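Look at the structure first, then read on.

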Amino acid sequence: MKVTYYGHSCFAVETGGKHLLFDPFITPNDLAKGVKVDEIPADYILISHGHEDHIADAVRLAKRTGAKVVSNYEIINWLSGKGITNSHPMNIGGHWFFDFGKVKCVNAVHSSSLPDGSYGGNPMGFLIETGEGNFYYSGDTALTYDMKLIGDYKNMNFALLPIGNNFTMGIDNAIIAAEFIKCDKIIGLHYDTFSYIKIDQNEAKEKFSRAGKELHLMPVGSTMEF
Ligand code: NI
Ligand code: MN
């Protein structure tokens with residue numbers, strides 16, 4: 001699976017020839033100025049919760065690409081009011097089979113209002129199973145004991161976790177999360193974008209490596225194979 005990082009919590013995974021784009025927040029992100037939002041391919045857009053820093057470019061991208069948007073019921077409803085009708089509503093605990101594989105929605109401990117103040121339902125994480133492997137994107141979340149269920153459920157090739165602290169778990173809790181989900185390859189998200197979530201990248205990598213885990217802090221616009 002090919003992972004491309006677009007800054008903050010926005011990334012894409014290419015698997016089985018399909019492009020899955022997660023939490024599009026690019027044009028308002030000063031750290032993602034080099035990303036050409038109108039050239040990003042997407043067959044699916046998955047949105048973990050309603051906050052601006054996860055949904056800002058969703059309508060623009062969905063309209064251009066015609067991608068199917070997958071999110072919670074409330075967010076899908078809100079997007080349909082903006083003309084996005086190729087969509088699939090889900091909620092925590094449910095799974096669905098798409099042409100690239102299986103999506104299971106899991107608990108995230110956070111909040112989820114939409115940019116205009118509308119109710120954004122509950123925040124979610126996604127477990128994705130494909131023919132090429134499995135991965136977990138936790139969305140914005142605290143460390144939660146529920147993550148142990150994920151560790152007992154499926155082997156994950158890699159996981160994407162927030163590490164910026166303040167609004168989500170920070171580095172130390174993300175290491176415990178990696179232990180709970182039994183995954184040694186972690187891609188860090190949700191750090192350095194704003195003043196509240198600045199991290200020391202070297203310290204973060206050292207802490208993960210002392211715990212026997214790899215932390216990947218991908219440069220914006222870069223792609224890695226997992
Ligand atoms: Ni959030
Ligand atoms: Mn966020």
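## Asn166 and its loop

Asn166 sits in the loop between strand E11 (158–162) and helix H5 (171–180). Helices (H or I, at least four residues) and strands (E, at least two) are DSSP runs, numbered from the N terminus. Asn166 is not a glycine, yet its phi is positive, about 65°. Its relative accessibility is 49%, so Asn166 counts as partly exposed. Buried means under 20% relative accessible area, exposed over 50%, and partly exposed in between (1.4 Å probe, protein chains only).

## Basis of the model

The model is predicted: local features need pLDDT of at least 70, side-chain atom pairs count only at pLDDT 80 or more, and totals for chains, interfaces and linings use all residues. Residues are numbered from 1 along each chain as its sequence is written, chains are lettered from A and ligands numbered from 1 in the order in which they are written, and side-chain values use heavy atoms, with hydrogens and water left out.

Lys182 lies in the loop between H5 and strand E12 (185–189). Lys182 also has a positive phi, about 55°, without being a glycine. Lys182 counts as exposed because its relative accessibility is 53%.

## The seven-stranded sheet

Seven strands form an open sheet with mixed pairing, in the order E7-E8-E9-E10-E11-E12-E13. Strand E7 (95–98) and strand E13 (214–216) are the edges, each pairing on one side only. Two strands pair if DSSP finds at least two bridges between them.

E12 and E13 run parallel and are joined by three bridges. Lys185 has Glu214 in E13 as its bridge partner.
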